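Please read the sequence beside the three-dimensional structure, and keep both in view while following the paragraphs below.

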Amino acid sequence: MRVGIAWECPWTPSSYGKIALWLSGELQRLGFDVRVYCPSAPPVDLYGRSVPYKPSCPHKELGVCYELEKPVEVSNDSWVCEDSDVDAVVIGGSPYGAVEVKWVQKCSSSKTPVAGYFVTESAVVPPHLATWLFHVDAVAFPTRAVARAFLVYDPLRELHGDFMVVPHGFPDYYFRLTPQEVLDYVLSKTPVQGLEDALESRSAGRLIVNVAKDHPRKDFAALFSAFALLKRRTGDEKLRLLLGFVKAIGASVWDPAVLMYTLGLTERDVLSIDAKWQSNGMTELGLLTVYSLGNAFAFPSMGEGFGMPPIEASLLGLPHVTTRLPATVEVWGDYPLLVGSRPVLMSDGTILFSTDYRDMAEKLERALSDPEHYGRLAKNKASRYRASDMGRMVAGLVDKAVGNAGRKTPYPVPFEKWARVASGHAQIVLEALGLL
């Protein structure tokens, strides 16, 4: 059976790109042929409509390598739901992306069974976006919190009462590497120059690290405010923030330099990753290096459907301080370093969350006071999320889409269906905001 995956390209240095790669490999191991459809693949190569892709492994001796059973086919997304040799398609992504909307619209009229693996950061998905679910034969979400955000509407619950929860999963090297192994390897290949301040703070147990893309739903304002507050409280010169700010895969929203100077911080207080990493994206080894340098990981966010970076950092034994959101509460349970937040209605009708930066400063100080204890707690929670489990569950999602073939409605959604979803939306929003 051949499965098509419409998502980011498996070579893209992003969370979605990694999921596309890892999911391809896990489905291969289960006996599927896989073709990935993505925007940055060539529309046509010299001999066909797809190119074979297999990631290179320059750091195989460390074990930072994801092995595919065989090269995966990668095709331009203009061919999605057009190839007769693809038995089912899985569309991944969020309803805010114009690219994903195009896939859903096109595939809704296809005879090919279609499954959605959908994510949202909003506590409630607005009706015009939630109606995505009419256009797929089966659907899965990475958390129940995301499922609730879509399925607050009766018609969608009636249609997809058989929805699945499929958490994202991580490959084996995350479960066996230690920060010291990563740093020993990196420092044996790279000069220490430029890392002196970071290594000094790490040795003192006072280095906070962050990795996030330049995106409107990443809360860099809360991050800088919490760090500035903690810095003023302690007066500790060795307390520093290493900022893994990635411009390559986000949108131009945040200006860390402006935030830094506005709060009276200096370039000795806030360290940055190399400019090439910022503009080109971080390699997997680069990402692991930033995590491994830290004594605590800070991840304030206005909304997450799952939140991959805190899991990645935690699997290396790093305590994380993350905003309390519906999805993070589900993933982390009673983990004690989730930061207080409150729901906020945004200009586009989504419901996101404002991070309490004072609480974040206090939680960061707790994390730094006993990183081994909180790191163990975080690692124990994160160890549940394996790529092999994700692959097995997505295989079940594919089977469900095939079994439900013919359920989906072609685009556009008939008005009477849309109106039924929209009915009562205001009441749902008021409840989510605590206004009733």
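A disulfide is a pair of cysteine sulfur atoms within 2.5 Å. The structure is a predicted model, in which local features need pLDDT of at least 70 and side-chain atom pairs count only at pLDDT 80 or more, while totals for chains, interfaces and linings use all residues. Residues are numbered from 1 along each chain as its sequence is written, and side-chain values use heavy atoms, with hydrogens and water left out.

How many disulfides does a search of the whole structure find? The search finds three. When the bonded cysteines of the chain are numbered in sequence order, they pair as 1-2, 3-4, 5-6.

One of these disulfides is formed by Cys-9 and Cys-38, whose sulfur atoms are 2.0 Å apart. Cys-9 lies in the loop between strand 1 (2–6) and helix 1 (15–29), and Cys-38 in strand 2 (residues 33–38), so the pair ties together parts that are 29 residues apart in sequence. Here helices (H or I, at least four residues) and strands (E, at least two) are DSSP runs, numbered from the N terminus. The torsion about the S-S bond of Cys-9 and Cys-38 is about 90°, so this disulfide is right-handed. Cys-9 has a relative accessible area of 1% and is therefore buried; Cys-38, at 0%, counts as buried too. Buried means under 20% relative accessible area, exposed over 50%, and partly exposed in between (1.4 Å probe, protein chains only).

A disulfide also joins Cys-57 to Cys-65, with an S to S distance of 1.8 Å. Its S-S torsion is about 60°, so the link of Cys-57 and Cys-65 is right-handed. Is Cys-57 buried or partly exposed? At 23% relative accessibility, Cys-57 counts as partly exposed, whereas Cys-65, at 14%, is buried.

Cys-81 and Cys-107 are likewise joined by a disulfide (S to S 2.0 Å). This pair links distant parts of the chain, 26 residues apart: Cys-81 is in the loop between strand 4 (72–76) and strand 5 (88–93), and Cys-107 is in helix 2 (residues 98–107). Both Cys-81 and Cys-107 are buried.

The nonpolar interior comes next. In soluble globular proteins, nonpolar side chains tend to be buried together. A nonpolar core is a set of buried Ala, Val, Leu, Ile, Met, Phe, Trp, Tyr and Cys residues joined through side-chain atoms within 4.5 Å. The largest such core has 111 residues, of which Trp-22, Leu-27, Phe-170, Tyr-174, Ile-208 and Ile-311 touch the most other members. Helix 9 (residues 220–234) contributes the largest share of this core, eight residues. Apart from it lies another core, of 36 residues, among them Tyr-37, Trp-132, Leu-133 and Leu-151.

Two individual residues show such surroundings in detail. Contact means heavy atoms within 4.5 Å. Not counting residues up to four places away in sequence, the contacts of Trp-22 include Tyr-66, Phe-170, Tyr-174, Met-308 and Met-390. Lys-363 lies in helix 15 (residues 357–369). Which class of accessibility does Lys-363 fall into? Its relative accessibility is 11%, so Lys-363 counts as buried. With the neighbours up to four places away in sequence left out, Lys-363 touches Val-321, Pro-336, Leu-337, Leu-338 and Val-339.
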